[in-house]
Amino acid sequence: MQDSPDPAAQRWKGYALAVLAAVCWATGGLTAKWLFSPLDAITASWPLPPLGIEVDAVVLAGARAVSAAGILLVYVAATRRQALKVRVTDIGFLAVFGIVGLAGVHVTYFKAIAYTDVATAILLQYLAPIIVLIVSVLVLGERMSWVLPAGVALSVTGCALVVGAIGGDGLAVSPAGLAWGLASAVFFALYSLLGKYAAPRFSPWPLLAYGLVFAAAFWLVYLGGFASIAELFSSSSGLVAVLYMAVFATIVPFAAFLKALHYIDATKAVVTSTLEPVVAGVAAFALFGEGFAAPQLFGGLLVIAAIAVVQRQPGVEPTIEVPPVP
């Protein structure tokens, strides 16, 4: 007789996967900023060769989705082919998940970076926990207690300190950047809620594989074919950057986040992923010598405190048995 999984161990597995997603997403944001930066700024502050071409946020979102879809399809087909079998009735949901949950997240986040900076884009996107919390309580029946609002408040305040919105001058907001950043929060919240809805029905690999296929198809139609993204692959730097973002800033973190939703609820997963700006700030300090002052350090501690607080929430946890990976 097989022993039942330990609930505490399952929860901690969920938090570990959400942390992994945050770390990978942080590196993706830094890579995207390099691709968007003017050549003189890159030469002055980045230890990477200039790309030599002007990169549009929408083109990068399309190249990222197409590359990630191709890589993941090959991997899943080679290692767990049975996972690609889905019911015809699921195709509609998978299309919505790919176009709204993945394509929407990518383009709005990159547009926010292009119009502002990485710090501002991350902060605005991580207003998503507030949206997820409201929907979870009002629509999904999650019990409200002091824990989740406190955790969300701590995480958002911590993000604001880390990116310089409070006690600093690192926040850059334009009307267009604010609009795209708020849109990225909405789409990230939708991605989290759609992923939570899908958790009992799909394992992460087929969900992400089909989601990326529909996202890639959307971008190829929208951009007018593969030729629109071909220039990004014309240089070795562009090719490496896009492939890195496809694997380590798309496939790995999105799969880890979806798997985390099998073990913890959407609000806790999103709050945990607010470690992203902390990781990005520390990485920028270590690699590029960017400032990381006392307010930013305190903000990082607030984010960690938020994660510790939300794991005490006694509300609705996943009760489904996690489907085995084929």
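This is a predicted model: local features need pLDDT of at least 70, side-chain atom pairs count only at pLDDT 80 or more; totals for chains, interfaces and linings use all residues.
Residues are numbered from 1 along each chain as its sequence is written, and side-chain values use heavy atoms, with hydrogens and water left out.

The axes of helix 4 (residues 91–115) and helix 11 (residues 236–260) come within 14 Å and cross at roughly 130°; axes here are lines fitted to C-alpha atoms over the stretch in contact, with angles from 0 to 180 degrees between N-to-C directions. The crossing is right-handed, that is, the near helix is turned clockwise from the far one by less than a right angle. On the helix 4 side, Phe97, Leu102, Val105, His106 and Phe110 meet Met245, Thr250, Phe254 and Leu258 of helix 11 (contact: heavy atoms within 4.5 Å).

As for the whole chain, it holds 14 helices and zero strands, taken as DSSP runs (H or I, at least four residues, for helices; E, at least two, for strands). Of its 326 residues, 52% are buried, meaning under 20% relative accessible area with a 1.4 Å probe, protein chains only. The largest nonpolar core counts 83 residues, with Leu60, Phe110, Tyr191 and Phe257 making the most contacts inside it; such a core joins buried Ala, Val, Leu, Ile, Met, Phe, Trp, Tyr and Cys residues through side-chain atoms within 4.5 Å.

How values were computed: Buried means under 20% relative accessible area, exposed over 50%, partly exposed in between (1.4 Å probe, protein chains only).
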